[in-house]
Amino acid sequence: MKYDGLLIASDLDGTFLGEKSETLKINLEAIEHFKSNGGLFTFSTGRNEPALFRLVPGADSIVNAPAILTNGSYITNLSTGEKFYETFLDPEPTRKLLKLIKTEFPEIGARISVGDLFVVPYMTPKLLRELTRYLDITVERDIDEIDGAHWNKIVVSGTADEIQSLIGWFSDRDSSGFALSYSCPVLFEILDKNATKGKMLRNLKKFYGGVTTVAVGDYNNDLDMLRAADIAACPDNALDEIKAVSKYHLCHHRDGAIADLISKL
């Protein structure tokens, strides 16, 4: 079949979704054509399962391969909930780091992904707005009262200037135990060093016995995945550093970048 042996791993925001975070018919039709001709399609996103399903209802029927979630802290079968290769932050050094960040940047907010929950030690009005649609899976806790087990990732929320200052602050520190990335100008993410989209894409390749992996994304948190893929692609709206490592430069995400990718394979 035409797409036998190909696996596409797609980012969501700025890649699969449209400008209003809508699911585009042109992409869905192309994905069905791709799957019916032997291809494997899945998502690779910073979101956990509840957030993914709220953003993309029926996500489990769109994919036909396990998805990479929370920016690479695990892979999951969206139909069964079974997780593979789950990786957690080491809680005590991470707790110390988060306290230090709050001391240095008192205006920032932070949330911790713990399974299906967002646990918030440092709430701010900005972070509260970002979590509006997820308040039923959000709990506030003092940083010292949060159980250290099963921390998938930390998301630090601030202004674009605060996040740039935080990135600069990290550049002067030893952060070798962590994987650091940002998925938009106002969010900065901290995961275990072994939890990246790229490492999980390599695990998926092994899982399927050596398929050809095709990664598509637009932002900094996709860079590791694009470098790990056999074939890298990006929409026209991608950052320049993403375009520099991508073989295929696609149309803008609002116009159906995934459909454009499939047409080129």
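Start by selecting the charged side chains: the chain has 29 positive and 38 negative charges, and their mean positions are 3 Å apart. Lys and Arg count as positive and Asp and Glu as negative, with His and the chain ends not counted; each charge is placed at NZ of Lys, CZ of Arg, CG of Asp or CD of Glu.

A word on what you have open: this is a predicted model, where local features need pLDDT of at least 70, side-chain atom pairs count only at pLDDT 80 or more, and totals for chains, interfaces and linings use all residues. Residues are numbered from 1 along each chain as its sequence is written, and side-chain values use heavy atoms, leaving out hydrogens and water.

Now show the whole chain as a cartoon. You will find 11 helices and 14 strands, taken as DSSP runs (H or I of at least four residues for helices, E of at least two for strands) and numbered from the N terminus. Along the principal axes, the C-alpha atoms fill a box of roughly 55 × 35 × 35 Å.

Colour by accessibility next: 56% of the 265 residues count as buried, meaning under 20% relative accessible area with a 1.4 Å probe and protein chains only; exposed is over 50%, and partly exposed is in between.

Finally, select L28, which sits in helix α2 (residues 25–36). Is L28 buried or partly exposed? Its relative accessibility is 29%, so L28 counts as partly exposed. Display its neighbours too: not counting residues up to four places away in sequence, L28 touches F16, T23 and I62, a contact being heavy atoms within 4.5 Å.
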